[in-house]
Amino acid sequence: MPHNAIMLQVFGKMLDKEGLELPPKVFIEMKGEFIEFIENKSLTIRFHNQEKYMNPFHFMQGGMITAAIDNTVSPFGYSLAKPHLTKEIITQYKRPIRKSDKYITVKASLHEMQEDTMILKAGVRNEENKLAAKAWVKCAFI
């Protein structure tokens, strides 16, 4: 399914909410591209690796990797439940994203749904499909 069709499917529940800007500017800035959406199971988004994300060692900064995670788990969470805010992200880095990696792919899935929160998990893979980071994300319903 093409990027725009997946994006409409994921954000569909939120399009009628006044004042929401979808996709968010940060998602556009990071050049996010919806790759796959399996309803109630997972969402996969590709983010292009940009020169401005590099640290002095020519690796993608950890904060940008975590931003890509947040830009994936948040829309996935919107497809699952009522509006929420990211409360906590715990990111474990496994290997660097090198300057030569053209993109990273982030896959989000549901770990646990509770009355007032949900816990999502995410895996970040480099261009060679090797695990580069993983995260647990706690979201609070608003």
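User: In this predicted model, buried means under 20% relative accessible area and exposed over 50%. Is asparagine 55 buried or exposed?
Analyst: Asparagine 55 sits in the loop between β2 (42-48) and α3 (62-80). Its relative accessible area is 18%. The cut-off for buried is under 20%, so asparagine 55 counts as buried.

User: Which backbone nitrogen does the side chain of asparagine 55 reach?
Analyst: The contact starts from the side chain of asparagine 55, and the distance is 2.8 Å. The backbone nitrogen at the other end belongs to phenylalanine 57.

User: Is proline 56 buried or exposed?
Analyst: Proline 56 lies in the loop between β2 and α3. Its relative accessibility is 70%. Exposed means over 50%, so proline 56 is exposed.

User: How many aromatic pairs does the structure hold, and which residues do the ring pairs link into a cluster?
Analyst: The structure holds two aromatic pairs. Phenylalanine 27 and phenylalanine 34 form a tilted pair, 5.3 Å centre to centre with 35° between the planes. Phenylalanine 27 and phenylalanine 47 form an edge-to-face pair at 5.9 Å and 75°. The count is two, and the cluster consists of Phe27, Phe34 and Phe47.

User: How many residues apart are phenylalanine 27 and phenylalanine 47?
Analyst: Phenylalanine 27 is buried at a relative accessible area of 2%, and phenylalanine 47 is buried at 1%. Phenylalanine 27 belongs to helix α2 (residues 25-29) and phenylalanine 47 to strand β2, so the pair links distant parts of the chain. Their separation is 20 residues.

User: Which parts of the chain does the salt bridge of arginine 46 with glutamate 33 tie together?
Analyst: In this salt bridge the closest N and O atoms of arginine 46 and glutamate 33 are 4.0 Å apart. The two residues are 13 residues apart in sequence.

User: Over the face of which residue does arginine 46 lie?
Analyst: Arginine 46 is partly exposed, with 23% relative accessibility. It lies 4.5 Å from a ring centre, over the face of tyrosine 103.

User: Which residue meets glutamate 51 in a salt bridge?
Analyst: Glutamate 51 is exposed, at a relative accessible area of 51%. The N to O distance in the salt bridge is 3.5 Å. The partner is in the loop between β3 (84-93) and β4 (103-113), 48 residues apart from glutamate 51. That partner is lysine 99.

Terms used:
Residues are numbered from 1 along each chain as its sequence is written. This is a predicted model: local features need pLDDT of at least 70, side-chain atom pairs count only at pLDDT 80 or more; totals for chains, interfaces and linings use all residues. Side-chain values use heavy atoms; hydrogens and water are left out. Helices (H or I, at least four residues) and strands (E, at least two) are DSSP runs, numbered from the N terminus. Buried means under 20% relative accessible area, exposed over 50%, partly exposed in between (1.4 Å probe, protein chains only). A polar contact is a pair of N or O atoms within 3.5 Å; within protein, one must be able to donate a hydrogen and the other to accept it, and residues adjacent in sequence count only if both atoms are side-chain atoms. Rings of Phe, Tyr and Trp (its six-membered ring) pair if their centres lie within 6.5 Å; planes under 30 degrees apart count as stacked, over 60 as edge-to-face and the rest as tilted. A charge sits over a ring if NZ of Lys or CZ of Arg is within 6 Å of the ring centre and within 35 degrees of the ring normal. A salt bridge is a side-chain nitrogen of Lys or Arg within 4 Å of a carboxyl oxygen of Asp or Glu.
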